[in-house]
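Student: Before we look at the model, could you show me how to read its domains, its cores and its helix packing?

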Amino acid sequence: MNAKANKNQVTCIEPDYYQAITEAIRKEAVKILKDETVVGVVGYLPGRRKGTASPALVTTVEEAEKLIFSPACVNNLSVYLTKAKKGVLKQGKVGIVAKGCDMRALAGLMTESQLQREDLFIIGVVCPGVYGFGVERTGTLTEANIARKCRECTVHMPEGADVAAGTHAELADLTPEEAQEMARIEAMPQAERWAFWKEHFSRCIRCMACRQVCPFCYCEQCLCDKNRPQAVESSPRPAGNMAWHLVRAMHLAGRCGGCAECERVCPMDIPLNLLNRRMAQELKELYDFEAGLTPVDKGPLNQYKEDDDQSFIK
Amino acid sequence: MPQIITEQNLRNLIDLLVKEAKLVVGPKLSGSVVLYEPLTAGSDLTLDALPRRSSKELFFPICEDILSYKRENGAMKVNDVDRSKFPEAVLIGAPPCDAGSPAILDAVMSWDYKDEFYLERRRKSTIVGIACTKGDDACFCRAVGLAPDAEAGSDLFLTPLKDGSYACNAVTEKGQALVAAHQNLFSEGAGAEPKPFVDQAVAKLDLVKIKKWLEEHFEDPLWEKIADICVGCGACAFICPACHCFDINDEGSTDDGVRRKHWDACGFAKFTNHASGHNPRDVQNKRYRNRIMHKFKYYDDKFGKTLCTGCGRCIRACPVGIDIAEILETINTKQD
């Protein structure tokens, strides 16, 4: 389906829209649990507080009937399918509720042989957007409370899902705040840009929330946890913090699908997705590659080609 | 007759304390977040929002050097940190959920091992708490036995009044001394009406009942149900006013380096990983269980206190929406 041709731009997304997605997810989840297509479904359940939702690992029909989709369904659930969450799900085919941005992570994990497509039943969500952080969580999604990543979303349609829940709708005329911020930082003199990041990283408390929610941070031994010998200072101090975030940005280059979960969960408001997006831009320029659009055999940094650009070797 | 201080005089007090070379720490806007940071002037004080991290870091910093070492002429020289140089400090503008935490942590920090880094800072600090008239649906201080006007932990306690001034109660000798030394900033009077407190969504919890349930349900399906979604970061513990686990790392080289103490969290998989490779808390829900057990059972067993002030920070910050208040409510209503 051509998403552009079906564009239905509106000024706000009413709760009814999400309710329709909710109904579709429940119906599908109940069906695949009942007919034992899957052993469980990873979806969202409502939180106690208004305008909140939590990831849920659902294995019964009763639970599946409580699944929801709302603008509070911010999490990228693909993290629950990774090695990092090994053992949480029973062995067997698993259902997962995935927005377009989450689908990119699934495609990336397939590229990296972490997942097999046939082990998944993907309930794709035709997602108009989710809430940003620290905004009013009322029923209606508007320009005022939509997440920064959603302002520039190019994957409203969950291409490649087994079923898609929802019909296409998206907010009109959103300011691309992140692109503007990227341009502002890019225009800075180098020293100023360095100071910008130093200031942000000085607040880092090394809670590792960025790593733990990232679908691609599935290493069983993270470099920054090593202490004999220590590769990156593990104490939360400016030098180690800087090293950690730069190492992570490098390791995600050509892999990060742009879900911006790391930025969302940072309790210290460090704009981490700017780093990931900058690396993605490099990959696009150097290799004409965008991570996670579809599963591929190998990403550009995992292979060697005779005609690779070698101009960086001095 | 209570003492009253106007908002301007509260800011003037901060200016004076800074001039007296005291370390004055209070809520301050730092980039896009409010944090407890050293105030350089009274105008820095920001009382609109609960700081993103708790005030425990005044006593228990994110990271601190505990010694340094250097090999000189073949001999290793170890330099201790001179704790006598820690500055006299005033923590100002901490709501009860933050001001109350040292009163809880003193017990463990001065137990069999005396943590002199913590204790020296405690001795040298005065806490000016402030009644909380803000709050959101994550707040649950009343549920765990505190309150928006709880004075526990504060040396001097301020209550915001409707006319913008504050009623002051000197709770301890330290608080009395602070007022006495700056008496001209305070006036005596009945004062205006106090500002109202915000209602909280979580009803008072029966902590005795919860503790009893925890005692009997170390193994329970609840743990998997609530905690399998935990992704194992340390956000909840790090921003918590009561969590106090730390790690010690030697950083530098074998000839020249620093021994550092820094925050650690029981949610991390490596927290209980033994050198042998065995990990007694091998899955995430066991780690999360420890968080609840430590706060509502173990700490009470040892020190007779609950290791939670109901600030709600972990609820707001949890990447996957784990809601400790909801979990406590669930346990509170359990029949067996």
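Student: How far apart do the C-alpha centres of domain 1 and domain 2 of chain A lie?

Tutor: The two centres are 25 Å apart, and the domains, whose bounds come from an automatic or database domain assignment, are given as domain 1 (10-171) and domain 2 (177-290). This is a predicted model, in which local features need pLDDT of at least 70 and side-chain atom pairs count only at pLDDT 80 or more, while totals for chains, interfaces and linings use all residues. Residues are numbered from 1 along each chain as its sequence is written, and chains are lettered from A and ligands numbered from 1 in the order in which they are written.

Student: How many residues of domain 1 of chain A are in contact with domain 2 of chain A?

Tutor: Contact here requires C-beta atoms, placed from the backbone, to lie within 7 Å; 19 residues of domain 1 of chain A touch 17 residues of domain 2 of chain A in this sense. The domain 1 side divides into seven nonpolar, five polar and seven charged residues, where Ala, Val, Leu, Ile, Met, Phe, Trp, Tyr, Cys and Pro count as nonpolar, Asp, Glu, Lys and Arg as charged, and the others, Gly among them, as polar.

Student: Which residues have the most contacts inside the largest nonpolar core?

Tutor: In soluble globular proteins, nonpolar side chains tend to be buried together. A nonpolar core is a set of buried Ala, Val, Leu, Ile, Met, Phe, Trp, Tyr and Cys residues joined through C-beta atoms within 7 Å, and buried means that 20 or more other C-beta atoms lie within 10 Å of a residue's own. The largest core has 136 residues, and those with the most contacts inside it include A:Ala29, A:Ile96 and B:Ala235. Helix H1 (residues 15-34) of chain A gives the most to this core, seven residues, helices being DSSP runs of H or I with at least four residues, numbered from the N terminus.

Student: At what angle do helix H6 and helix H9 of chain B pack?

Tutor: Two packed helices are described by the angle between their axes and the distance between the axes. Axes are lines fitted to C-alpha atoms over the stretch in contact, with angles running from 0 to 180 degrees between N-to-C directions. Helix H6 (residues 207-216) and helix H9 (residues 284-303) of chain B pack at about 100°, their axes 10 Å apart, so H6(B) is roughly perpendicular to H9(B) (65 to 115 degrees). Among the residues making the contact are B:Leu207 and B:Ile210 of H6(B) and B:Phe296 of H9(B), and by class the contact has six nonpolar, no polar and four charged residues.

Methods
A residue is buried if 20 or more other C-beta atoms lie within 10 Å of its own, exposed if 12 or fewer, and partly exposed in between; C-beta atoms are placed from the backbone. Helices (H or I, at least four residues) and strands (E, at least two) are DSSP runs, numbered from the N terminus. Two residues are in contact if their C-beta atoms, placed from the backbone, lie within 7 Å. Angles under 35 degrees count as roughly parallel, over 145 as roughly antiparallel, 65 to 115 as roughly perpendicular and the rest as oblique.
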